[in-house]
Amino acid sequence: MPRPLGELEDSVMTRVWKWNRPVTVREVLEDLRQERSIAYTTVMTVLDNLHQKGWVRREAEGRAYRYEAVSTRAAYAAALMNDAWSQSDNPAAALVAFFGMMSPEQREALRDAVRIVQGPETPAPENAAVRNAPDENATDENAPIGNAPIGNAAGENPAAAEGMGGR
């Protein structure tokens, strides 16, 4: 799992990701100077550090290098989210809390992403309604429904969170 980028590393990587092509230290420097005063050697050191950490690859061009991202910003964000989630002592509760922080637009993007990952929908087996029916012996909101437990450590029902009930 990658460690989070520092502020200056993130500023540099943002440009490398945005431009989506091999870049020189000079190009990054000129763009950064629109926001802050920064030395050429500072940008060169940051790009060299990013190369040593495996964030960028570089190719010599004359006496300089051209740097290119090894992966996408989306992959970086996903790795950070996965690491944070996997460190939770209650991953389900962490997801419920995370979903609760999302805007309606973010929840819709999440639904779209789940649809993409799941692939084309296949017809449900005839006994799916029985398998997903509420357990008649369930006495509280944390009781399992079918094969999926609901609720979290705080006793909250995640389906009650806005946008979590499905469509």
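The second largest pocket is lined by Thr24, Val25, Arg26, Tyr40, Met44, Asp48, Arg58, Arg63, Ala64, Tyr65 and Tyr67. A pocket here is an open set of points on a 1 Å grid over the protein atoms alone, where a 1.4 Å probe fits, with protein on both sides within 12 Å along at least five of seven lines; lining residues have an atom within 4 Å of a point. This pocket holds about 180 Å³ of space. Its volume is the space filled by probe spheres set on the points, with grid points joined across faces, edges and corners. H2, H3 and S2 each supply at least two residues of the lining. Helices (H or I, at least four residues) and strands (E, at least two) are DSSP runs, numbered from the N terminus.

The model is predicted: local features need pLDDT of at least 70, side-chain atom pairs count only at pLDDT 80 or more, and totals for chains, interfaces and linings use all residues. Residues are numbered from 1 along each chain as its sequence is written, and side-chain values use heavy atoms, with hydrogens and water left out. The average pLDDT of the protein chain is 79, and 71% of the residues score at least 70. Residues 133–167 fall below 50, yet this stretch has 42 contacts in the model beyond near neighbours in sequence. pLDDT is the predictor's confidence in each residue, from 0 to 100. A contact means heavy atoms within 4.5 Å.

The protein chain has seven helices and two strands. Along the sequence, they follow the pattern α-α-α-β-β-α-α-α-α. Of the 167 residues, 22% are buried, meaning under 20% relative accessible area with a 1.4 Å probe, protein chains only.

S1 and S2 run antiparallel and are joined by six bridges. Strands pair if DSSP finds at least two bridges between them. Glutamate 59 stands opposite arginine 66 in S2, and alanine 60 has tyrosine 65 as its bridge partner.

Helix H1 covers residues 7–19. Its 13 residues should span 18 Å at 1.5 Å a residue, and the end C-alpha atoms are 19 Å apart, which agrees. The expected span is 1.5 Å times one less than the number of residues. Buried in H1 are Glu9, Ser11, Val12, Met13, Arg15, Val16 and Trp17. These residues pack against helices H2 (25–32), H3 (40–52) and H4 (73–86), and against strands S1 (56–61) and S2 (64–69). Asparagine 20 follows H1, with a positive phi near 50°.

How values were computed:
Buried < 20%, exposed > 50% of the residue type's maximum accessible area, 1.4 Å probe, protein only.
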